[in-house]
Amino acid sequence: MPTPTFDDPCATARDEATPRLARGLDLRPTLIGFEGDEPTLYVRSAPAWVGTTWNSVTAALVMLPCLLGIRRLLVVCESRVTDHSIDDPVARDAHAERGVLVTRAEQHGDDRPVISGHLLTWQRPGPQQVAWDAPIRLDDGPWGDVLSHALGRADRQGPGDGRPSSLVYGLSRCGVVVAVAPRWRERYGLDQPVDPRGVRREDRRRARAHRSAGRPSTVEAAS
Amino acid sequence: MTDSDRPASSGPFDPFDWVRELVLADLDAGDVPSRLLLAEDGQGTEPGVQIVARPESPHDDASPLSEMACAIAARPPRRAVWVVPGRLRDLADERAAPLGRCLVLTCLDRRPGGWQLHARTIPVHPDGNGLLLAAASDVEVELSPVASLMDDAARLAAGHDLQRTLAVLSIWGHTVATTEMGTDRSFGATLPAPNGSDRHRVRRIADEFEARHTPAAPAASIRRRPAIPTGIPDGWAPACLL
């Protein structure tokens with residue numbers, strides 16, 4: 001996947017969605033965090049959660065940006081466009097059109113969060129091909145409330161021991177993909193050892209190896 | 001088919017090319033065991049090692065799938081395809097009866113700076129009479145029972161000797177063969193006998209794989225398997241190293 005950009009959310013959404021939609025796969029809710037214009041964090045929801053526990057999906061996506069204090073976010077997810085003039089819910093679902101929704105959220109200082117959204121509908125002109133229609137501008141979309149709440153809580157406070165590495169470990173055990181840009185692992189504190197009290201029994205050997213790998217192997221004499 | 005007349009070297013790698021004849025022969029015979037095919041660097045696009053899983057036993061410490069993954073962990077291959085028989089289930093209703101039988105093909109393709117994983121399913125006739133019900137179709141890689149195991153094994157890169165690992169697997173009942181030079185000679189016959197240290201080392205890795213991934217467990221265990229960090233932006237790294 002090419003490097004995401006905050007200023008062109010539609011291009012980022014197309015880059016994320018096209019390889020999956022062309023192969024007939026679903027697009028899972030994905031969050032990308034930015035520091036300034038630089039993309040730093042990528043969080044993708046687990047497939048087993050989608051469609052069953054939507055609150056867990058949204059919580060898993062925004063929990064880490066809150067803890068890391070990220071104030072610029074993009075969320076890409078699949079969406080259905082329905083015609084509300086159709087009363088019958090079955091007929092409304094049958095006539096629904098699939099699209100990709102990208103929501104952009106940012107906050108400067110104590111200002112109100114600025115939320116904007118774009119809806120990208122697509123066609124399939126041939127096998128393994130995706131043709132995108134012109135984007136439709138939205139005011140905020142269904143992610144607006146969640147993201148503005150998350151930006152308001154981006155105070156570097158988190159669950160558990162508050163270590164980002166522990167939260168990432170917990171998320172990744174549930175299938176949530178978390179990736180970080182080069183050089184930002186250390187800045188976000190993700191190179192810190194996971195709290196051993198929260199490590200599953202089957203992961204303890206790896207956690208011990210990770211802790212000892214981060215420890216200096218020799219002690220230099222102080223001059 | 002040689003590398004020169006295979007267009008796959010420039011196009012996307014299609015794992016079904018590797019296993020089409022093997023899978024059809026297995027379906028004709030009415031029994032599809034798990035197969036793992038590996039190709040090292042320099043072997044082109046043809047597999048060099050094939051491992052056919054031993055039968056499962058209720059007394060197993062680790063499932064045959066976790067043991068086979070040790071061959072990937074010994075030395076991450078250039079390409080690997082894992083064929084696993086499975087049952088199709090509705091994710092939203094796990095207690096319902098299976099919808100049918102399928103074969104799950106999980107493919108690892110190593111590239112500079114990382115590797116890609118793909119998963120495909122092929123629905124097969126429920127009576128096991130050798131019929132493919134539909135063409136292979138891509139599925140979410142997380143839905144493959146061995147995808148997280150494959151990713152973990154490639155990431156572990158334990159650095160053990162591959163031939164000794166294969167010899168241990170053949171002692172445990174797996175059928176290990178090589179197809180190099182167009183012959184089907186037994187791989188085990190050309191290997192030194194593994195010692196107790198080799199067995200212990202491979203057993204320890206297999207037990208850890210089993211505990212972390214439970215590849216042969218029911219569908220509900222999909223929520224307890226580690227994330228598979230594929231499809232992330234170019235040059236980025238997974239945030240969790242465990």
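Does B:E142 count as buried or exposed, and at what relative accessibility? B:E142 counts as buried because its relative accessibility is 8%, where buried means under 20% relative accessible area, exposed over 50% and partly exposed in between, with a 1.4 Å probe and protein chains only.

The model is predicted: local features need pLDDT of at least 70, side-chain atom pairs count only at pLDDT 80 or more, and totals for chains, interfaces and linings use all residues. Residues are numbered from 1 along each chain as its sequence is written, chains are lettered from A and ligands numbered from 1 in the order in which they are written, and side-chain values use heavy atoms, with hydrogens and water left out.

**Surroundings of B:E142**

B:E142 is placed in the loop that runs between β6 (137-139) and α3 (147-156) of chain B. Helices (H or I, at least four residues) and strands (E, at least two) are DSSP runs, numbered from the N terminus. Apart from neighbours within four places in sequence, B:E142 is in contact with A:R28, A:R44, A:P47, B:I222 and B:I228; contact means heavy atoms within 4.5 Å. The side chain of B:E142 also makes a polar contact of 3.2 Å with that of A:R28. A polar contact is a pair of N or O atoms within 3.5 Å; within protein, one must be able to donate a hydrogen and the other to accept it, and residues adjacent in sequence count only if both atoms are side-chain atoms.

**The interface**

Chain A contributes 40 residues to the contact and chain B contributes 32 residues. Together the two chains bury about 3300 Å², of which 54% is on carbon and sulfur atoms; buried area is the accessible area (1.4 Å probe) that two parts lose on being put together, summed over both. A:R23, A:R173 and A:R206 supply 20% of the area that chain A buries against chain B, more than any other three residues.

Eight salt bridges are found across the interface of chain A and chain B, a salt bridge being a side-chain nitrogen of Lys or Arg within 4 Å of a carboxyl oxygen of Asp or Glu. Between the two chains, 19 residue pairs are in polar contact, with both residues at pLDDT 80 or more. On the side of chain A that touches chain B, β2(A) gives the most, with five residues.

Two of the side-chain pairs are set out below.

| Pair | Kind | Distance |
|---|---|---|
| B:E142 and A:R28 | polar contact | 3.2 Å |
| B:R212 and A:D203 | salt bridge | 2.6 Å, N to O |

**Cores and chain B**

The largest nonpolar core has 62 residues, among which A:V43, A:L64, A:V100, A:L147 and A:V178 touch the most other members. A nonpolar core is a set of buried Ala, Val, Leu, Ile, Met, Phe, Trp, Tyr and Cys residues joined through side-chain atoms within 4.5 Å. Helix α2 (residues 54-68) of chain A gives the most to this core, namely seven residues. A second, separate core holds 39 residues, including B:A71, B:L149, B:L166 and B:I205.

Chain B has five helices and eight strands. Of its 242 residues, 48% count as buried.

**A loop in chain A**

A:P196 lies in the loop between α6 (184-187) and α7 of chain A. A:P196 counts as partly exposed because its relative accessibility is 44%. The C-alpha atoms of A:P196 and A:R211 are separated by 9.6 Å, while the two residues are 15 residues apart along the chain.
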